Amino acid sequence: MINTKKVPGLICLISIIIFSACGGHRAFVPSPVIPDDRQHIPEPEEYEYSEVADAFDMLISNQLEQSLDLSRQFRHLTNDRKQAYNVNAFDEVPNSSWFTNRNAARQMSIAELRRGPDTGDGPDTTGKWTVTRAKVEGVTPGFHIKDKRGDRYLIKFDPKGYPELATGAEVVSTKLFYAMGYFTPENYISYFYPESLMVGDKVKFTDANGKKRFMSEQDLKDLISRIEVGVDGRVRVVASKYIIGVAKGPFTYEGVRKDDPNDFIPHQHRRELRALYVTTSWLNHTDTKAGNSFDSYITEDGKSYIRHYLIDFGTTFGSAARGPSAGKIGHENSIDPHMLLTRTFALGLYYPDYDKYDDVKYNSIGLFGSELFDPGHYKPLIPNPAFENKTNRDCYWGARLVMSFTDHQLEEIVKEGQYSDPAAEAYLLKVLKERRDKIGRYWYARVNPLDYFRLMRIRGSWHLCFEDMMVLGNLEESKDTKYRVVFEPHGDKVESETDKRRIDLKDQHAVFLSHADDASFFDKFPVGEVTIYTFRNSTGNWSKWLKVYIQYDKESAKIMGIERQE
């Protein structure tokens with residue numbers, strides 16, 4: 001007998017006949033291999049993007065089109081939504097030009113987490129910064145600089161009166177999105193003295209009167225006057241290093257890029273984009289429009305292709321352009337017909353709880369909490385086509401990315417925000433943990449959250465081992481959980497119910513099962529299924545089923561794939 005206490009959360013189902021089924025007997029058909037989308041392509045043209053046109057499409061055109069799509073409405077009513085196109089037989093997303101499996105696949109070290117996408121230490125502050133481009137319109141100015149080393153950065157500031165609000169949010173969120181698997185820029189917190197800036201030659205900009213002209217030193221001084229300067233005379237900024245490669249504009253959240261042969265999966269059916277609904281809800285990143293994405297034509301390993309980035313995280317957590325975000329952020333779209341009608345018919349007498357929520361505990365964190373956070377009813381500012389096509393399986397996968405962070409990992413990443421107030425830092429950490437756990441409880445409960453399946457041969461018998469993600473995430477107790485396992489051959493040769501074997505596991509720590517060796521059984525049924533249901537005392541219900549397909553040939557066995565009930 002093996003001591004399972006040495007492997008916390010591990011469930012091992014030992015059986016020489018590790019086959020099960022649920023439903024009809026059909027031959028197992030492995031999922032087709034998803035082609036690698038990092039093949040060499042000719043350089044495409046830059047995509048021209050209109051923020052106004054995109055917002056109109058997402059808020060108006062797409063909503064009308066979806067309301068008239070009867071087949072879509074029927075699929076949603078019957079919970080038969082189209083599943084993501086880019087998942088393999090194990091319901092996983094392979095590495096691609098969009099996503100690389102990181103912390104959820106292998107716990108990253110603290111050094112890796114704190115470094116994130118960074119390849120250096122930020123802009124050189126020992127010499128002058130030359131302003132090469134400037135943005136003076138809007139609430140918060142910004143500019144592009146070239147440092148002493150010749151490296152180029154986009155410089156972004158905190159809203160005046162709210163030091164650390166946007167810069168801290170940007171850097172911490174960058175580290176988190178990168179660790180989850182997305183591609184992000186290198187974002188550094190940096191400090192400079194205003195006198196270390198100088199205007200480059202013929203820097204074009206549009207002044208406050210809408211006139212396009214070259215920038216002067218006085219214009220630069222006027223710009224600095226709108227920026228928060230610390231008591232030591234320095235300015236704190238996020239320095240976003242130019243992304244490698246050639247800029248090709250943003251990507252959209254639906255359709256494909258027609259000039260990219262590698263882009264063959266409609267974006268609204270990519271799991272990593274659908275699952276952003278979960279990951280962005282965690283960080284309150286409501287501004288997920290196309291304009292906050294970036295396509296770059298890069299060269300790697302002798303091949304040139306487009307890599308897809310998420311950018312601009314300065315309005316995550318409780319941050320907004322002018323200061324702390326409003327209470328409705330994350331609860332309503334910027335134009336929300338449902339809430340508009342609700343308020344109209346209520347004659348101004350209805351106020352949702354979040355309308356009354358204005359408890360900004362720390363100016364450096366903004367309006368960011370967990371009390372009113374509802375993982376299933378989060379709303380971005382602009383409707384997102386990928387989010388609107390999400391399924392429970394997509395969101396389970398996204399929740400697993402969020403839940404992959406341990407308390408200690410989060411603690412170390414939050415330090416990267418360089419918050420001057422330890423109480424503000426502790427508060428941000430607390431809210432991130434609470435929102436993480438809410439996400440885990442909500443989305444894990446909508447499927448059977450068993451994962452990390454593997455086969456082990458112990459004393460001549462095959463064992464199927466897996467993790468219960470609820471237990472692994474400390475969201476449920478193992479003593480309050482039990483499993484029902486059905487072993488059944490898979491295929492047309494099944495002759496009777498006697499080929500099935502059902503076992504109920506009443507104690508998670510007594511999980512080793514034995515069965516007499518029956519080689520002829522495997523000769524007859526070389527492929528089979530293990531179907532598992534999970535029972536929680538907290539709900540009093542059995543979960544949806546989960547199938548594991550296994551192939552056996554006397555001396556070896558391998559998992560062919562898994563399937564989750566939606």
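**Note on the predicted model**

1. Overall make-up. The protein chain holds 14 helices and 20 strands. This is a predicted model. Of the 566 residues in the protein chain, 54% are buried. Among contacts with a separation of 6 or more, 74% are between residues 24 or more positions apart.

2. Aromatic pairs. Searching the whole structure gives 21 aromatic pairs. In one of them, the ring centres of Phe 99 and Trp 397 are 5.1 Å apart. Their planes stand at 55°, so this pair is tilted. The two residues come from distant parts of the chain, 298 residues apart. Phe 99 sits in the loop between helix H2 (70-77) and helix H3 (110-115). Trp 397 belongs to helix H10 (residues 392-403). Both partners are buried: Phe 99 has a relative accessible area of 0%, and Trp 397 has a relative accessibility of 2%.

3. Tyr 442 and Trp 443 have ring centres 4.8 Å apart. Here the planes are at 80°, so the pair is edge-to-face; the cut-off for that class is over 60 degrees. Tyr 442 and Trp 443 are both buried. Ring pairs also build a cluster from Phe 99, Phe 177, Tyr 182, Phe 313 and Trp 397. The tilted pair of point 2, Phe 99 with Trp 397, therefore has both its residues in this cluster.

4. Charges over rings. Two cases deserve a look. Arg 102 lies over the face of Phe 183, at 5.5 Å from the ring centre. Lys 390 lies over the face of Tyr 277, and the distance to the ring centre is 4.3 Å.

5. Helix H10. This helix, which carries Trp 397, has twelve residues. Twelve of its twelve residues are buried, so H10 is largely enclosed by the rest of the structure.

6. Helix H5. Which residues of helix H5 (residues 217-224) are buried? They are Asp 219, Leu 220, Leu 223 and Ile 224. These residues cover an arc of only 140° around the axis, which puts them on the same side of H5. In an α-helix there are 3.6 residues a turn, so residues three or four places apart point the same way. The cover over the buried residues of H5 includes several strands. Among them are strand E2 (129-135), strand E3 (142-146) and strand E6 (197-199). Strand E7 (204-206) and strand E8 (212-214) are also included.

7. A three-stranded sheet. The order is E10-E11-E12, the sheet is open and the pairing is antiparallel. E10 and E12 stand at the edges with a single partner strand each, so one side of each has no neighbour in the sheet. Strand E10 (residues 246-247) meets strand E11 (residues 293-300) over two bridges. Ala 247 has Ser 296 of E11 as its bridge partner. E11 and strand E12 (residues 303-310) are joined by eight bridges. Along that pairing, Ser 293 stands opposite Leu 310, and Asp 295 has His 308 as its bridge partner.

8. The hairpin turn. E11 and E12 form a hairpin with two residues between them. Asp 301 lies in the turn and has a positive phi of about 55°.

9. Two further positive phi values. Asn 284 is not a glycine, yet its phi is positive, at about 55°. Asn 284 is in the loop between helix H7 (276-283) and E11. Its relative accessible area is 6%, so Asn 284 is buried. Asp 312 also has a positive phi, near 65°, and is a residue other than glycine. The loop that holds Asp 312 runs between E12 and helix H8 (337-345). Asp 312 is partly exposed, at 28% relative accessibility.

10. His 269. Where is His 269 placed? His 269 is in the loop between E10 and helix H6 (271-274). Is His 269 buried or exposed? At 6% relative accessibility, His 269 counts as buried. Neighbours within four places in sequence aside, His 269 is in contact with Lys 82, Ala 84, Tyr 85, Asn 86, Arg 274 and Asn 389.

Definitions and conventions
Residues are numbered from 1 along each chain as its sequence is written. This is a predicted model: local features need pLDDT of at least 70, side-chain atom pairs count only at pLDDT 80 or more; totals for chains, interfaces and linings use all residues. Side-chain values use heavy atoms; hydrogens and water are left out. Rings of Phe, Tyr and Trp (its six-membered ring) pair if their centres lie within 6.5 Å; planes under 30 degrees apart count as stacked, over 60 as edge-to-face and the rest as tilted. Helices (H or I, at least four residues) and strands (E, at least two) are DSSP runs, numbered from the N terminus. Buried means under 20% relative accessible area, exposed over 50%, partly exposed in between (1.4 Å probe, protein chains only). A charge sits over a ring if NZ of Lys or CZ of Arg is within 6 Å of the ring centre and within 35 degrees of the ring normal. Two strands pair if DSSP finds at least two bridges between them. The arc is that of the directions from the helix axis to the C-beta atoms. Contact means heavy atoms within 4.5 Å. The expected span of a helix is 1.5 Å times one less than its number of residues.
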